[in-house]
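Hi everyone, thanks for coming. Please take a look at what I'm putting on the screen, and then we'll walk through it together.

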Amino acid sequence: MDSPDQTRPSPAEQATPDSGSPPSGPYLPPLHAAPGQMVMLESGRSTMFVIAPGQRVLIGRGPGADLVIYDARVSPVHALIERRGPGWLVTGLDANNPTWILDPTGRPHPVSSELGLRSGTLLVGGCQVLLYPPRTNT
């Protein structure tokens, strides 16, 4: 099982500084994470967060961000991630420095407004943010 401190290859070193293009780099397979977890991969390290239902996480470079990413391609207020119902709501907050979502084939697409998803991989600057589906109560 992967631990939060395990070193893994990251696309951060291969990302291009052009804010109009998605960061480049290999797609990394998912880590072993619990339902409802968000995992950030940065500079070869992984950090796991448990996000409670209804909890919002502001990603950015500024002092008001809940999750700060020190990368020039990340805006002070960059994206908002909320655990909602059976999945996640992702809102891109800066069209000049977009947040990217990878489709099932690994191609990136900009998140220009609110996007609801069950799980997925986001690219924020040189980081990957993996969203795992919350456990459903049956």
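From the N terminus on, the elements of the protein chain run β-β-β-β-β-β-β-β-β-β-β. That makes 11 strands and 0 helices, where helices (H or I, at least four residues) and strands (E, at least two) are DSSP runs, numbered from the N terminus.

A word on the ground rules. This is a predicted model, in which local features need a pLDDT of at least 70 and side-chain atom pairs count only at pLDDT 80 or more, while totals for chains, interfaces and linings use all residues. Residues are numbered from 1 along each chain as its sequence is written, and side-chain values use heavy atoms, with hydrogens and water left out.

How confident is the predictor? The pLDDT, the predictor's confidence in each residue from 0 to 100, averages 74 over the protein chain, and 70% of the residues score at least 70. Over residues 1-19 the pLDDT stays under 50, and the model has 50 contacts for them beyond four places in sequence; contact means heavy atoms within 4.5 Å. Residues 23-33 are also below 50, with 38 contacts in the model beyond near neighbours in sequence. Where pLDDT is low, the predicted coordinates should not be read in detail.

Now for the chain as a whole. Of its 138 residues, 46% count as buried. Buried means under 20% relative accessible area, exposed means over 50%, and partly exposed is in between (1.4 Å probe, protein chains only). If we take the contacts with a separation of 6 or more, 48% of them come from residues 24 or more positions apart.

Let's zoom in on one hairpin. Strand 7 (residues 99-102) and strand 8 (residues 108-111) pair in the antiparallel sense over 4 bridges; for two strands to pair, DSSP must find at least two bridges between them. Within that pairing, I101 stands opposite H109 in strand 8. The hairpin has 5 residues between the strands, and G106 takes a positive phi near 90° there.

Where is H78 found? H78 sits in the loop between strand 4 (67-68) and strand 5 (79-84). Is H78 buried or exposed? H78 has a relative accessible area of 1%, so it counts as buried.

What does the side chain of H78 reach? Another is the backbone nitrogen of S75, which lies 3.0 Å from a polar atom of the H78 side chain. Both are polar contacts, meaning a pair of N or O atoms within 3.5 Å; within protein, one must be able to donate a hydrogen and the other to accept it, and residues adjacent in sequence count only if both atoms are side-chain atoms. Leaving aside neighbours within four places in sequence, H78 is also in contact with a list of residues including I59, R73, D94, P98 and V124.

D94 lies in the loop between strand 6 (87-92) and strand 7. Beyond its neighbours within four places in sequence, D94 is in contact with S75, V77 and H78. The side chain of D94 also reaches the backbone nitrogen of N96, at 2.9 Å. N96 lies in the loop between strand 6 and strand 7, and N96 counts as exposed, at 61% relative accessibility.

Last topic: charges. Side chains of opposite charge can pair when their charged atoms come close. How many salt bridges does a search of the whole structure find? The search finds 4, with a salt bridge being a side-chain nitrogen of Lys or Arg within 4 Å of a carboxyl oxygen of Asp or Glu.

One of them joins R56 and E82, whose closest N and O atoms are 3.3 Å apart. This pair links distant parts of the chain, with R56 in strand 3 (residues 56-60) and E82 in strand 5, 26 residues apart. E82 also forms a salt bridge with R84, at 3.1 Å between the closest N and O atoms. Together, R56, E82 and R84 are linked in a network of salt bridges. Within it, E82 is buried at 10% relative accessible area, whereas R84 is partly exposed at 44%.

The side chains of D71 and R73 meet in a salt bridge too, 2.6 Å from N to O. D71 is buried, with a relative accessible area of 14%, and R73 counts as buried at 14%.
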